[in-house]
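Dear colleague,

I am passing on the structure below, together with some notes on what was found in it. Please look it over before reading on.

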Amino acid sequence: MKNIYFKVTGILFLCAAFTLTFTACENEPSLTDSQIDTSTPMLNELDVWLRDNFVEPYNIEIQYKWDINDTDVDRFLHPPFEANVRPLTEILKKVWIEPHNQLGGENFIKNIAPREFILAGGFNFNPGGNTITLGIAEQGARITLFNVDLLDFDSILYEEDIPNDFDVQFSIIGPLSTIHHEYGHILNQIEPYDPVFDIVNPNNYTSSWADRSNEEARELGYISAYASSQPSEDFVEMVAYMLTRSNTRWENLVNSIANPQAIASIREKERIIVDYYQEKFNINFYELQELSFQALLEI
């Protein structure tokens, strides 16, 4: 009988608790209007254009209005001027989105893309060093681009043509290289590349990559100094360098390397990348390269 006693008591207790809770709810005042502003925000002309060209067709949000709490407070970052937002996003649409969709299918970018771009006006200088961060890809969902306010949207500069490599970051090649680089990381998260890439020339990867020039890195078999930091960065740097150049310009860059073994390493990496795009996404990489470059010339 003891077991039955405890069970019955438990039921009575629950009923009593329910009665008290119900009574308490009855005595509470009725809900008032929400203190949260749920009204539709006012959209300016730029907001409407971004919604029509990025949000609705691709489910990509372009954030150019933000406060200091959305960024690293130690980096002295600021939102871009509105006048610079549309020129940059038009370039992204024509040179990045449309070529991928043309070869990968109309929903390629819609299905595989960051869901948010954050645009910042100035450079993101790294403390304690001589480097800057050009872009950030966060878990494949967000890409942050810096230096928007200092761009010359009519300028196309390549490092091999100018004495100061850094000047490339003031031309449209700067953000386009960053986009192709970061998007390469996103694609790798969806479909990993062949691990054979990592052992093509593994001996000269270094955390001190900033102490090398791009020219020095190429003689070791890496397309840029940053490519020599680690294999995953090497892969996407190769993608970015190829997609911002015509095939002719790419060939000239590789053939300018003096070390034949370095050329062989870069050619092997190129082959792996071309196979990767074809096998994983059914995209002819050289066609993507040509479409991207032609779109670049037409903006």
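Contact, as the word is used in this message, means heavy atoms within 4.5 Å. This is a predicted model, in which local features need pLDDT of at least 70 and side-chain atom pairs count only at pLDDT 80 or more, while totals for chains, interfaces and linings use all residues. Residues are numbered from 1 along each chain as its sequence is written, and side-chain values use heavy atoms, with hydrogens and water left out.

Leaving aside neighbours within four places in sequence, Ser-265 is in contact with Val-200, Asn-201 and Gly-221. Ser-265 has a relative accessible area of 5% and is therefore buried (buried means under 20%, exposed over 50% and partly exposed in between, with a 1.4 Å probe and protein chains only).

Asp-194, by contrast, is partly exposed, because its relative accessible area is 39%, and it lies in the loop between α5 (173-190) and α6 (214-218). The side chain of Asp-194 reaches the backbone nitrogen of Val-196 at 3.0 Å. Asp-194 and Ile-273 are 79 residues apart in sequence, yet their C-alpha atoms are 8.7 Å apart in space.

Turning to the helix pairs, the axes of α2 (residues 45-58) and α3 (residues 85-104) come within 11 Å and cross at roughly 20°, the axes being lines fitted to C-alpha atoms over the stretch in contact, with angles that run from 0 to 180 degrees between N-to-C directions. That angle is why α2 counts as roughly parallel to α3, a term for angles under 35 degrees. In this pair, residues of α2 including Trp-49 and Phe-54 meet residues of α3 including Thr-89 and Ile-97. By class, the contact of α2 with α3 has 7 nonpolar, 3 polar and 3 charged residues (Ala, Val, Leu, Ile, Met, Phe, Trp, Tyr, Cys and Pro count as nonpolar, Asp, Glu, Lys and Arg as charged, and the others, Gly among them, as polar).

Helix α3 also meets α10 (residues 285-298), and there the axes come within 9 Å and cross at roughly 145°. Among the residues that make this contact are Val-95 and Leu-103 of α3, with Leu-288 and Leu-291 of α10. The contact of α3 with α10 has 7 nonpolar, 3 polar and 2 charged residues.

Conventions:
Helix = DSSP H or I, 4+ residues; strand = E, 2+ residues; numbered from the N terminus. Polar contact = N/O pair within 3.5 Å; in protein donor to acceptor, adjacent residues only side chain to side chain. Parallel < 35°, antiparallel > 145°, perpendicular 65-115°, else oblique.
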